[in-house]
Amino acid sequence: MIKKIPVLDLKDGQAVSGKSGLRDTYQPLQTVFAPSSNPVEIAQGLKLNGADELYIADLDLIESNGHNINEIKMVNTIIPVILDAGIKNAESFPFFLDYAFKIIIPTETLESLDDLYEICAKYPKERIVISVDVKNDELYSKNLDLTLEEFKDVLIDIDVSQIILLDISGVGTEKGYNEKLLKEFDDLKDKIIMAGGLNKDSIDELEKLGIKKVLVGTGLHSGEINII
């Protein structure tokens, strides 16, 4: 069975929701798993419903506008957290190992390939997840001038164990998965965690295609999709 990993975006100490990565428009999250947008309460509800991993994006850290690391550390005692803290370089990576089970290296904020190679050489592979951030079918990055194909070659060279394929423009839309993107990474299928705009039908399709893990936010929190 395909594994559905719940998603929480945190801002100013609470879980929020929005669409297409437009972070200024995010509102407090309404979820079937808790009566409030408190991330600890939501994590407890998720665990009671069968979640055993939780993806958290700290939007304040990603935007260099504060942090939610105390909330994240508390959540990590309830459910192991896969954390996107907007890692920029090898120097900033180890700090977050005390706060979450797995740390994401996102192409959006990564400063250089040298930093990526250094992190992957220094730290256990099982604690590293690479997020291939995509907008308009192109690699989304503030610092890397690479095509998707070129970055895929880097991932093959490093031999990473887990890769998130995140279609940012699909976030919160429930429009389904990005077929073109998945096809481009088909030879890394066993390592892929598909993300961005997934709905119930697309998750069923991805399972038939052999994808083992997906990130689910909107459909899960609305109650349309079950964790297990």
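Biologist: Which residues of helix α1 (residues 39–48) are buried?
Modeller: This is a predicted model, and buried is taken as under 20% relative accessible area. By that cut-off the buried residues of α1 are Pro39, Val40, Ile42, Ala43, Gly45 and Leu46.

Biologist: What covers the buried residues of α1?
Modeller: A cover is judged by contact, meaning heavy atoms within 4.5 Å. For the buried residues of α1, the cover includes β1, β2, β4, α3 (69–76) and α8.

Biologist: Which residue caps the N-terminal end of α1?
Modeller: The backbone nitrogen of Val40 has a side-chain oxygen 2.8 Å away.

Biologist: Which residue just after α1 takes a positive phi?
Modeller: The phi in question is about 105 degrees. The residue just after α1 with this positive phi is Gly50.

Biologist: Is His221 buried or exposed?
Modeller: His221 lies in helix α8. Its relative accessible area is 4%. Buried means under 20%, so His221 is buried.

Biologist: Which side chain forms a polar contact of 2.8 Å with the side chain of His221?
Modeller: Away from its sequence neighbours up to four places off, His221 touches Val7, Leu8, Leu29, Gln30, Thr31, Val32, Phe33 and Ile42. With Val7, the side chain of His221 reaches the backbone oxygen, at 2.8 Å. The side-chain to side-chain polar contact of 2.8 Å is with Thr31.

Biologist: How far apart in space are His221 and Ala43, C-alpha to C-alpha?
Modeller: In sequence, His221 and Ala43 are 178 residues apart. Their C-alpha to C-alpha distance in space is 12 Å.

Biologist: What is the volume of the largest pocket?
Modeller: Rolling a probe the size of a water molecule over the atoms shows where empty space is left. For the largest pocket, the volume comes to about 610 Å³.

Biologist: Which residues that line the largest pocket are the closest to its centre?
Modeller: The lining has 35 residues, which divide into 16 nonpolar, 13 polar and 6 charged. The closest to the centre are Val7, Asp9, Tyr26, Val171 and Gly172.

Biologist: Why do the buried residues of α5 line one face of the helix?
Modeller: The buried residues of α5 (residues 148–158) are Leu148, Phe151, Lys152, Val154, Leu155 and Ile158. Their cover includes α4 (113–122), β7 (128–135) and β9 (163–167). Seen down the axis of α5, these buried residues line one face because they fall within an arc of 155 degrees.

Biologist: Is Asp114 buried or exposed?
Modeller: Asp114 is found in helix α4. Exposed means over 50% relative accessible area. At 64% relative accessibility, Asp114 counts as exposed.

How values were computed:
Residues numbered from 1 in each chain as written. Predicted model: local features only at pLDDT ≥ 70, side-chain atom pairs only at ≥ 80, totals over all residues. Heavy atoms only, no water. 1 Å grid on protein atoms, 1.4 Å probe; cavity = no way out; pocket = protein on both sides within 12 Å on 5 of 7 lines; lining within 4 Å. Points joined across faces, edges and corners; volume = space filled by probe spheres on them. Nonpolar A, V, L, I, M, F, W, Y, C, P; charged D, E, K, R; others polar. Helix = DSSP H or I, 4+ residues; strand = E, 2+ residues; numbered from the N terminus. Buried < 20%, exposed > 50% of the residue type's maximum accessible area, 1.4 Å probe, protein only. Polar contact = N/O pair within 3.5 Å; in protein donor to acceptor, adjacent residues only side chain to side chain. Arc of directions from axis to C-beta.
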